[in-house]
Amino acid sequence: MQQTIDIDVAVVGGSSAGLAAALTLGRCGRKAVIFDTGRPRNKPAAHAQNLFTRDGTPPLELLRIGREQLVPYPSVSIVETAVTSAIAENGLFILHTDTGAAYRAQRVILATGVKDDLPDIPGLAALWGSKLVHCPYCHGWEIKDLPVAVFANGPMAYEFTAVLTNWHPDIILCTNGPAGLTAEQMQQLARNGITVTETPVEKVEETAGGMQISFADGTAVRRSAAYIKSGLIFNNTLAEQLGCELTEKGAVKINHVQETTVPGVFAAGDISSEGAHQVSIAIAGGHMAAGMCNNGLAKAAFEQK
Ligand SMILES: Cc1cc2nc3c(=O)[nH]c(=O)nc-3n(C[C@H](O)[C@H](O)[C@H](O)COP(=O)(O)OP(=O)(O)OC[C@H]3O[C@@H](n4cnc5c(N)ncnc54)[C@H](O)[C@@H]3O)c2cc1C
């Protein structure tokens, strides 16, 4: 059996939130290990937008820079493997990886992100991150004024479409089945020139100028791009193992300094919020979580003397 490795902080997830945490921990001289399986959520997108000083940088380039900037800090290392289990034990945290290694950490930062759950419509997944997007703050400017479709239904579809009118004068809302909208919402959408199509979507095909959306009744429309309100799967297995409380949708509950309901366990990035999913917010959460880990460890050592 391999020996358990003692570290100050285990950071699970080495994308925006995890690497930001790593930088702070490195600058505190903390012995930290960042575990990462290399699947950042925005990998399918060509550029990361709406990011102060780095607007438009390719997502993997951002992470390359993030790793490069850790080089001066020798107490931080990156291990490219999955953490498969995490348990709390006598105020410490034992993590196992899929290579069989075991780590004992004084603090844990969960930065494991979320997965997007796209509906099973043929052709949709192939356009994800390019012509099919989820967030106007990330992609709206690049497709501003172009005719778009919105794949969404229910009250959220109404709110989402209303915001999208800021970027797009020509919107079709595809509810892919009976619209879960009130008569008043339907009227308000109509007043804004938005067509609601309830007919199930059969397939989506890429065209030179965008995409063709084909419906079950044999009709089809062409759009330059489309937005979708995808489902989210929170990568919260480790949080559950550690005993962290989750929100109804599965995000890890945190307080104003990113600490979960389990003292010593922090969460940052998409995993720690049901909706505020941006690279900049993930970065901020990572820095905050790491600072709080260091504060706690420094104070504990100080008071032991
Ligand atoms: C298509 C698309 C485009 C986007 N474009 C933008 C944009 O332009 N601007 C913007 O601000 N935001 C954008 N976003 C949102 C952005 O991707 C997320 O907010 C951001 O990636 C969150 O960072 P994170 O560190 O929390 O999680 P992630 O980036 O998802 O990273 C989580 C990391 O944890 C790793 N991991 C998970 N579980 C384990 C485990 N058990 N052990 C080890 N490693 C693990 C994963 O492999 C991954 O590397 C986009 C999202 C999508 C889907």
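## A buried aspartate

Is D36 buried or exposed? In this predicted model, D36 counts as buried because its relative accessible area is 13%, and the cut-off for buried is under 20%.

D36 has a charged partner: R67 forms a salt bridge with it, with the closest N and O atoms 3.8 Å apart. That pair ties together distant parts of the chain, as R67 belongs to helix α2 and D36 to the loop between β2 and α2, 31 residues apart. R67 itself is partly exposed, at a relative accessible area of 28%. E80 joins in too: salt bridges with shared partners put D36, R67 and E80 into one network.

## The inward side of α2

Helix α2 covers residues 59-68, and its buried residues are P59, L62, L63, I65 and G66. Looking down the axis of α2, you'd find those buried residues within an arc of 160 degrees, so they line one face of the helix. Residues three or four places apart on an α-helix point the same way, because there are 3.6 residues a turn. Among the elements covering the buried residues of α2 are α1 (16-27) and α7 (279-304).

## Other salt bridges

The structure has 14 salt bridges in total. One of them pairs R30 with D8, at 3.7 Å between the closest N and O atoms. Here R30 sits in the loop between α1 and β2, while D8 is in strand β1, 22 residues apart. Both R30 and D8 are buried.

K131 and E206 also meet in a salt bridge, at 2.9 Å from N to O. The two are 75 residues apart, with K131 in the loop between β7 and β8 and E206 in strand β12. K131 is buried, at 17% relative accessible area, whereas E206 is exposed, at 53%.

Technical notes. Residues numbered from 1 in each chain as written. Predicted model: local features only at pLDDT ≥ 70, side-chain atom pairs only at ≥ 80, totals over all residues. Heavy atoms only, no water. Buried < 20%, exposed > 50% of the residue type's maximum accessible area, 1.4 Å probe, protein only. Helix = DSSP H or I, 4+ residues; strand = E, 2+ residues; numbered from the N terminus. Arc of directions from axis to C-beta. Contact = heavy atoms within 4.5 Å. Salt bridge = Lys/Arg side-chain N within 4 Å of Asp/Glu carboxyl O.
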